[in-house]
Amino acid sequence: MEGEGRVPGPPLPTPSPGGGGGAGADADPPAGAPGSIRGPLLAAAEVLSLDDEEDDLEVFSKGTSLGEVNSFSPSMPISPSSMINQYKFEDEPELKDLFITVDDPESHITAIETFITYRVVTKTSRGEFDSSEYEVRRRYQDFLWLKSKLEEAHPTLIIPPLPEKFIMKGMVERFNDEFIETRRKALHKFLNRIADHPTLTFNEDFKIFLTAQAWELSSHKKQGPGLLSRMGQTVRAVASSVRGGVKNRPEMFTEMNDYMETFSQKINVLDKIAHRIYKEEREYFNEMKEYGPIHTLWSASEEDIADSLKGVASCIDKCCKATEKRMAGLSENLLPILHEYVLYSEILTGVLKRRDQIQGELDSKIDALANKKTEKDLCLATWESFLASQRVDLHVEEDSEDRP
């Protein structure tokens, strides 16, 4: 099964700042999310031990030539700049050859719909690109198309999550500035995670997404699989689910499925609880905002207890500020982090299902091949028996002719 090795995800205790700014800021997604399907999904860190005595490992120095790099890893990408940038020396900064920025959201209103487009700026030194800089505009549906094409081309890779099309009711109004900025950051992070992936970054549809103008992208979308092809894929998926569990699924994947079911249930519960806490905090904050001015006005008409009422109003004001600060921490540091874990759990579950579907198809073909082999052997045995009987009859006839 293809794997990403380490899947980007957010750390719960100390999340990184939002995804705005330069491409480099969000290019390295936070570590620790449930993404690696090769081991425990919540490991705090992964330690790789290198044995100095192993003959098959080479340590590169600053004087390593490009030819030595190519001979060491023949499976590296074809771009020469990409080959060089795969290696980082201790006294040199990390090298990149693809920078992507998502910014400048614009609202578009038509007779049919209202939607937002985002500017996607790409700067690159890769040889497979015709230019070093591109600027295109993309809407959310284009990002969905890219994600579906990546899943189609790499069914067993973990594709980074996209923000949902619809948001939770009551959290924020659709198309207001807060929602648009939150989505922009998520889309920026999505593209940079793909750009940093060793396999997805060289996907042809990803390149088209970054470079094609709107009309070119629309034309490319129409070249996708037809209706009958999509129906065939759906029928195969349904047939795979009807057949039940995979017969020869390795134990490690069974353990992953069980773990993901448990993890998904628990992280969804945590996500719902966090949103409920935020909602209650907001209601409490709105009530306190009303009580402060009320006590201030009350103190003007009650001279005997004016100082006490002003003191209460001051305390309420301090509570409002503290509650607002706590709400900001929840909305910026906890809620998006937890929800990204939810999205990654859904992606991992989908990857495992696609892996089971592939193995189910393989098992079916193996069974069909075994049946054909059995039929062939049976047919061959029947013919051999028939030919043997014909030989016996022929000998009997010859013997009878030789007798006087």
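Guide: The model is predicted: local features need pLDDT of at least 70, side-chain atom pairs count only at pLDDT 80 or more, and totals for chains, interfaces and linings use all residues. Residues are numbered from 1 along each chain as its sequence is written, and side-chain values use heavy atoms, leaving out hydrogens and water.

Now the sheet. It is open, with 3 strands in the order β1-β2-β3 and antiparallel pairing. The edge strands are β1 (98-109) and β3 (133-139), each pairing on one side only. From one strand to the next, the twist averages 20°. Strands (E, at least two residues) and helices (H or I, at least four) are DSSP runs, numbered from the N terminus. Two strands pair if DSSP finds at least two bridges between them.

Look at one side of β2. Strands β1 and β2 pair over 10 bridges, antiparallel. They form a hairpin, with 4 residues between them. Thr-101 has Val-121 in β2 as its bridge partner.

Turn to the other side. Here β2 (residues 114-124) pairs with β3 over 7 bridges, again antiparallel. Val-121 has Glu-135 in β3 as its bridge partner. Helix α5 (residues 177-196) packs on the sheet and touches β1 and β2. Contact means heavy atoms within 4.5 Å. The direction of α5 makes about 145° with that of β1. Axes are lines fitted to C-alpha atoms, for helices over the stretch in contact, and angles run from 0 to 180 degrees between N-to-C directions.
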